[in-house]
Amino acid sequence: MATGQKLMRAIRVHEFGGPDVLKLHSDIVVPAPKDRQVLIKVHACGVNPVETYIRSGTYSRKPALPYTPGSDVAGLVESVGDHVSAFKKGDRVFSTRTIVGGYAEYTLADEHTVHMLPEELNFKQGAAIGIPYFTAYRALLHSARGKAGESVLVHGASGGVGLAACQIARAYGLTVLGTAGTEEGQKIVLENGALEVFNHREVNYIDKIQKYLGGKGIDVIIEMLANVNLSNDLKLLSYGGRVIVVGSRGPIEINPRDTMSKESSIIGVSLFSSTKEEFQQYAKALQDGIKAGWLQPVIGSEYPLEKAAQAHENIIHSGGTVGKMILLLQ
């Protein structure tokens, strides 16, 4: 190891597999920002389900090994590379992507993926913006083309993406319904924009939704677990309704006839397919939401960096997720 190099703690993945492949190292060299890059001292990093799929080796995108997971960090600018004019040392920022991974004390990000974190939000909330809010915005307004006056059902509304979708939908004038699996989750969904919430662990909850709708259908369904819910979703839609698939953990059998009479659509969404220009558009809309006061990330479980493996275990296997899971680094 060369002398004079600053070292940091970071999680490294040397092989794809279960949560136990997340290894804490304390001898990782702090990277130096190159042209149009920003070095961030990480205070908090969001944990997202997609990071568990990538870690297991089952996701379509596989990083080169070894790697550090994590894209959604919040912290302070430590230094900047050449031709960076938008940020300076000490700025409060959050990121939507990183170059070297966010489960670390420092991370590098391209300038265009870094955004100022307004004083209204703390670092934990800043780390909860990236994938959840940008995904929810893309799903609701880009993919579903949701508009004021329409109805939306957020299926699995108590997690990070779900609560983001509730807040965005309410702010844009949609009527919001949600589902959650715990009493605490249902309460938080109601506090974050939903007019009514249903317990998706109850056997007859679909009947309750249909009764509540009084024969009308739902215009948009934001679906976090399509492999369980997609068949029922199709029955709940209005004419021209859209199911937006944000998450799925396996296959499901559906009857295509359920789409025919209503001329409904099933649309997949992937945040990683967004263009640079779309990311900038979403960022502006969401920063306006922070200033307007409707974008308020709800923080759930918090873990120190050394408990990253436990966080990965819990985000998939502990039912009834409430709020955004984060790693704390400072």
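Reader: What should I know about the model before I start?

Author: It's a predicted model, where local features need pLDDT of at least 70, side-chain atom pairs count only at pLDDT 80 or more, and totals for chains, interfaces and linings use all residues. Residues are numbered from 1 along each chain as its sequence is written, and side-chain values use heavy atoms, with hydrogens and water left out.

Reader: How many helices and strands does the protein chain have?

Author: Helices (H or I, at least four residues) and strands (E, at least two) are DSSP runs, numbered from the N terminus. Here you get 10 helices and 15 strands. The radius of gyration is 20 Å, close to the 20 Å that the globule rule gives for 330 residues, so the chain is as compact as a globular protein of that length. That radius is taken over C-alpha atoms, and the rule is 2.2 Å times the number of residues to the power 0.38. Along the principal axes, the C-alpha atoms fill a box of roughly 70 × 40 × 35 Å.

Reader: What share of the residues is buried?

Author: Buried means under 20% relative accessible area, exposed means over 50%, and partly exposed is in between (1.4 Å probe, protein chains only). In this chain, 55% of the 330 residues are buried.

Reader: And what do the contacts tell me?

Author: A contact means heavy atoms within 4.5 Å. Take the contacts between residues at least 6 apart in sequence: 67% of them join residues at least 24 apart.

Reader: Where does the pair Lys124 and Glu302 sit in the chain?

Author: Their side chains meet in a salt bridge at 3.1 Å, N to O. The pair links distant parts of the chain, with Lys124 in helix α2 (residues 123-126) and Glu302 in strand β14 (residues 299-304), 178 residues apart. Lys124 is partly exposed at 28% relative accessible area, and Glu302 is partly exposed at 37%.

Reader: What does the pair Lys89 and Glu78 tie together?

Author: This salt bridge spans 3.7 Å, N to O. Lys89 lies in the loop between β4 (73-80) and β5 (92-95) and Glu78 in strand β4, so the pair ties together parts that are 11 residues apart in sequence. Lys89 is exposed, at 56%, while Glu78 is partly exposed, at 22%.

Reader: In which helix do Glu191 and Lys187 lie?

Author: First, the idea: an α-helix has 3.6 residues a turn, so residues three or four places apart point the same way. Glu191 and Lys187 both lie in helix α5 (residues 183-191), four residues apart, about one turn. Their closest N and O atoms are 2.9 Å apart, forming a salt bridge. Lys187 counts as exposed at 52%, and Glu191 as partly exposed at 47%.

Reader: Which residues are linked in a network of salt bridges?

Author: Look at Arg9, Glu105 and Glu306, which are linked that way.

Definitions and conventions. A salt bridge is a side-chain nitrogen of Lys or Arg within 4 Å of a carboxyl oxygen of Asp or Glu.
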